[in-house]
Amino acid sequence: MNIIVVGIIACEIGFWVMLGGGLGARYLLRLKRLSSVLLLCVPLLDLLLLTFITWDLVVNGATADFAHGLGAVYLGFTVAFGHQIISRADGWFAHRFAGGPPPFKAPKSGPAQVRYEWQQWGKMLLCAVIATAVIGLIVWLVGDPPRTEALIGWIGRVWLVTGIWFVGWPVWVTLSGGGRDPEAARQVEQPPQR
């Protein structure tokens with residue numbers, strides 16, 4: 001198995017272990033300081049993965065492959081969507097173990113759904129920008145185009161996904177009437193009963 005794939009899997013497992021440990025410490029053990037320390041370790045996993053990818057290409061002299069590009073996109077994803085994932089898990093834990101309000105559910109209709117879809121796409125756009133920047137930085141650091149050729153293909157992939165997401169969700173929801181609240185539309189269509 002590719003060493004970078006192992007690194008990505010280890011970081012993903014580490015993410016969920018740190019998140020679960022941090023939230024467990026906060027809500028089950030009531031240890032807020034330990035919880036904060038564990039949750040602050042989550043972004044360190046991203047830094048560790050970036051360092052590992054760079055080390056493999058620059059110091060170890062590896063030729064970039066699918067896994068190196070996947071690692072760059074994974075970094076972009078965790079930076080762009082990580083806070084949302086942590087907030088939702090925190091909301092679930094608070095609801096389940098501390099009597100907090102029900103966890104957030106994505107809106108299914110109305111202007112709230114349109115806003116939500118555009119916000120989610122904005123995060124995907126941030127993911128694409130970060131992945132592109134990481135790939136560009138690694139290509140520049142390695143300074144050997146034949147060894148980093150596989151990374152360049154990932155730039156196109158991540159922007160293709162971003163474009164599909166753009167058309168398939170925020171644009172589609174906006175143009176297909178997702179901005180209309182079905183309940184309000186029913187009230188408008190049916191005259192009041194006397």
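Predicted model: local features only at pLDDT ≥ 70, side-chain atom pairs only at ≥ 80, totals over all residues.

**Salt bridges.** I wrote the rule down before looking: a salt bridge is a side-chain nitrogen of Lys or Arg within 4 Å of a carboxyl oxygen of Asp or Glu. Residues are numbered from 1 along each chain as its sequence is written, and side-chain values use heavy atoms, with hydrogens and water left out.

How many salt bridges does a search of the whole structure find? I got 2. One pairs Arg147 with Asp144, with the closest N and O atoms 4.0 Å apart. I checked the cover next (buried is under 20% relative accessible area, exposed over 50%, partly exposed in between, with a 1.4 Å probe and protein chains only). Arg147 is buried at 18%, while Asp144 is partly exposed at 27%.

I also looked at Arg26 and Asp90, whose side chains form a salt bridge at 3.6 Å, N to O. Those two are 64 residues apart, Arg26 in helix H1 (residues 3-27) and Asp90 in helix H4. For the record, helices (H or I, at least four residues) are DSSP runs, numbered from the N terminus. Asp90 is partly exposed, at 22% relative accessibility.

**Thr78.** I found Thr78 in helix H4 (residues 66-98). Is Thr78 buried or exposed? Buried, with a relative accessible area of 13%. Its side chain has a polar atom 3.0 Å from the backbone oxygen of Leu75, and a polar contact of 2.9 Å joins it to the side chain of Asp46. A polar contact is a pair of N or O atoms within 3.5 Å; within protein, one must be able to donate a hydrogen and the other to accept it, and residues adjacent in sequence count only if both atoms are side-chain atoms.

**Val59.** Last stop: Val59 sits in helix H3 and is exposed, at 62% relative accessibility.
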